[in-house]
Amino acid sequence: SKNTPNLDNFWMPFTANRQFKAAPRLLAGAEGMYYTDIDGNKVLDGTAGLWCVNAGHGRKKIVQAVERQLSMLDYAPTFQMGHPVAFDFATRLAANAPGGASAGLDRVFFTGSGSESVDTALKIAIAYQRAIGQGTRTRIIGREKGYHGVGFGGISVGGLVNNRRVFPQIPADHMRHTLDLERNAFTRGLPAHGVELAEDLERLVALHGAETIAAVIVEPMSGSAGVILPPKGYLERLRAIADKHGILLIFDEVITGFGRLGTPFATDYFGVIPDLVTTAKGITNGTIPMGAVFASRKVHDGLMTGPENAIELFHGYTYSGHPVACAAGLATLDIYEEEGLLTRASELAEDWQEALHSLKGLPHVVDIRNLGLVGAVELASRDGAPGARAYDVFVDCFHKGLLIRVTGDIIALSPPLVIEKEQIGTIVSILGDALKRAA
Ligand code: PMP
């Protein structure tokens, strides 16, 4: 297009350049459910940006809050000086913490991203164990196919091999993942079978010794691995095994937090209360980078007041509790509350489920999964080229006005929670047509 910038010297390592030159796609604007590309074409956002723009794009209330805050106090070092908006936002988050008031997950630590939230939660877990006299507990157990961001902490507990294979020095212990495609194929909602996969945690405890394990971290619903849903009872079982052995349970809710499943957090959806919850993305509706870790009072108090407490331990980021991000977050929570968005996915979940499952039987489709306003359509690999077919479908959809996400052979969908039923129909119809055309 005549609007495409000069790409001759284009180089941003690890980013869009991987596939960009072959099929440039440049987004220039966004409003509500739609992006606009550089040529003015409208593209329906089927992925809420990257699982983060839950209230839809261009929300004026957030824009105004950011502008106001930026001109009043543009920056303050929160871990050193403090400023009212960080306390206001922490208080507001604490009052709406995962699991409700009885869960006690109302101690809040601010970060700048999901990866930072994960690093922070891992450090809190190990430091807490040490503070309560369990200093040998330094091991973290992650899950095969778990995704926890790209920091060294996140990749060391993450299970997506591609993200860590060139860093062999990073230690990690993995549980099995929860997916059993053959038995769970085309399941609507949670798989009925597979709860026994949680017993793998017992195996790892026996292998390493409980006295070496600080925590286990899982996404309540795996997102980046391609939307892998936990079998019924699986998270409950993990909680029970962790409790039995003095192991902390961390839920990585970077994707599931802020309404994605139809409850404020996945913690609420499953009714299983972890010790730490990581968040980011939807916390500011994807606008200003930010994350937050919720810690239980037990963990917080042990960490800060135990015999080897963390009062002298330094941990904090330049942008922890950034005033502009906090202002964006407060405005975001206002919108979520005023518009009932944290439960809207539950109102749409059935329509969403039926719409997605109507794609069953189309060429190449080997599985369809859904939960809340999350969906996955898994395709058969084209011979010798894993992921190539899904990528073709992705490009086709984009040119027909729909943004989807592909990870390997899996198409992931997670539209903004403000989506209308008619737009659910549009997603399925554009995607369905692209599948019929796919080679
Ligand atoms: N944890 C999970 C579950 C995620 O999905 C992501 C990002 N997709 C992250 C952590 C990392 O977040 P960020 O990209 O903001 O660092």
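Into which domains is the chain divided, and what does the side of domain 1 that touches domain 2 consist of?

A: The model is predicted. Its chain is split into domain 1, made of residues 17-55 + 341-437, and domain 2, residues 65-338. Taken over C-alpha atoms, the centres of domain 1 and domain 2 are 26 Å apart. Where the domains touch, 33 residues of domain 1 contact 28 residues of domain 2. On the domain 1 side, at least two residues each are supplied by helix H2 (48-51), helix H13 (341-357), strand S11 (365-371), strand S12 (374-379) and strand S15 (410-413). Helix H13 gives the largest share of that side, 9 residues. Sorted by class, the side of domain 1 that touches domain 2 holds 16 nonpolar, 12 polar and 5 charged residues.

The setting is the chain as a whole. Its secondary structure comes to 15 helices and 15 strands. The radius of gyration is 22 Å, which agrees with the value near 22 Å for a compact globule of 439 residues. Along the principal axes, the C-alpha trace spans about 65 × 55 × 45 Å. Of the 439 residues, 50% count as buried. Among contacts with a separation of 6 or more, 72% join residues 24 or more positions apart.

There is also a ligand, surrounded by 14 residues, and the closest are Ser113, Gly114, Ser115, Gly149 and Val254. Helix H5 (residues 114-131) contributes the largest share of this shell, 3 residues. The shell around the ligand comprises 5 nonpolar, 7 polar and 2 charged residues.

Methods
Residues numbered from 1 in each chain as written. Predicted model: local features only at pLDDT ≥ 70, side-chain atom pairs only at ≥ 80, totals over all residues. Near = placed C-beta within 6 Å. Helix = DSSP H or I, 4+ residues; strand = E, 2+ residues; numbered from the N terminus. Nonpolar A, V, L, I, M, F, W, Y, C, P; charged D, E, K, R; others polar. Domains from an automatic or database assignment. Contact = placed C-beta atoms within 7 Å. Rg over C-alpha atoms; globule rule 2.2 N^0.38 Å. Buried ≥ 20, exposed ≤ 12 C-beta atoms within 10 Å, placed from the backbone.
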